[in-house]
Amino acid sequence: MSGLRVLRPGPLSLLQDGGRHGWQHLGVSPAGPLDRQAAAWANRLLDNPWGTPLLEITLGHVELESEVETWLALTGADVAASLDGRPLPPWSRFAIGVGQRLELGYARSGLRAYLAVAGGFRATAVLGSVSTQVREGLGGVHGGGEPLRAGDLLACRAAGLPRGLGVPWRYRPDYRATPLLRVITGGDAGRFDERQLQAFFARTWQLSPQSDRMGARLLGEALQPPRGQWSQGVARGRSRCRPTACRSSCRPTTRPWAAIRCSAGCTRSTWIAWPSAHLVTCCGSPRSASPTPRPSCGCSTGSSAIERRAPRLVGAAPGP
């Protein structure tokens, strides 16, 4: 089968789809894209359904050569992209022919970019998904959870579309701004000392370089949780306290520690990056929530202020 040949894989490029759901009771985390907004737009530009397999590119520095005539879409982090040396507009779809090379530079803002192809990339599903879970060795191009390597083939079919398209600017997050995390308190919040709870909301937290696909680790003075906790299931966005961390797509499946909130996400005009497993939330637009524009969770550095108020509920999430 033909597709895109990997000439330079970048630091961490992973095949992802909608996630590996229904296996957390056996210790398998769902994986899937971390920046759901950018991933959803990449597939939407190509008329692919939500969850169609695409490539999640961390930091950039990727080069691919096409062995098929098809259409691609690139969204997410601000990476300098070029096709045979010709610059490409961000958050848009474009045609690529046999022998043409797509080159992505390092991200100038944001952390993860998403590359989708018309019809989706082809790979063998493991437990119903092709999503790459490196820690558990599942999914990906080879089925064993490995990141993309030089020489790999991202299999896809030939496709044609009538014209190029781009995402309107108002739907693109500003990855350069300082994100504001909104919080919904969970069942453990009442067991915390009130001073500890207030301190959590009052502090400014720094995103740690130790953050990864398992979770975003926040640097700051640790909170003192109540004693005698039972292990519980971990939903996307749940926070632990020593050290403070927000769980993400490759989160562990249980927790032996107290959690303050059941859902957290950056203020944005579309879907938050860490929705709860039991409550689908959508933050108000930056214009209605505050006069200060606020970005999505794709920022790779910077501090985060935490706001104690519930986001508006506006509907169901796109996809499973």
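Guide: Buried means under 20% relative accessible area, exposed over 50%, partly exposed in between (1.4 Å probe, protein chains only). This is a predicted model: local features need pLDDT of at least 70, side-chain atom pairs 80 or more, while totals for chains, interfaces and linings use all residues. Residues count from 1 along each chain as written, and side-chain values use heavy atoms, without hydrogens or water.

Visitor: Is Ser29 buried or exposed?

Guide: Look at its relative accessibility, which is 0%. Therefore Ser29 counts as buried.

Visitor: Which residue meets Asp78 in a salt bridge?

Guide: A salt bridge puts a side-chain nitrogen of Lys or Arg within 4 Å of a carboxyl oxygen of Asp or Glu. Here the N to O distance is 2.9 Å. Asp78 is partly exposed at 30%. Its partner, exposed at 58%, is Arg108.

Visitor: How far apart in sequence are the parts that Asp78 and Arg108 tie together?

Guide: Asp78 lies in strand E5. Arg108 lies in strand E8, residues 101–117. So the pair ties together parts separated by 30 residues.

Visitor: What is the relative accessibility of Arg176?

Guide: Arg176 forms a salt bridge with Asp174, at 3.2 Å between the closest N and O atoms. Asp174 is partly exposed at 29%. Arg176 counts as exposed, at 69%.

Visitor: How many salt bridges does the structure hold?

Guide: One of them joins Asp193 and Arg195. Others share partners, linking Arg8, Glu63, Glu65, Arg101 and Glu103 into one network. The structure's total is eleven.

Technical notes. Helix = DSSP H or I, 4+ residues; strand = E, 2+ residues; numbered from the N terminus.
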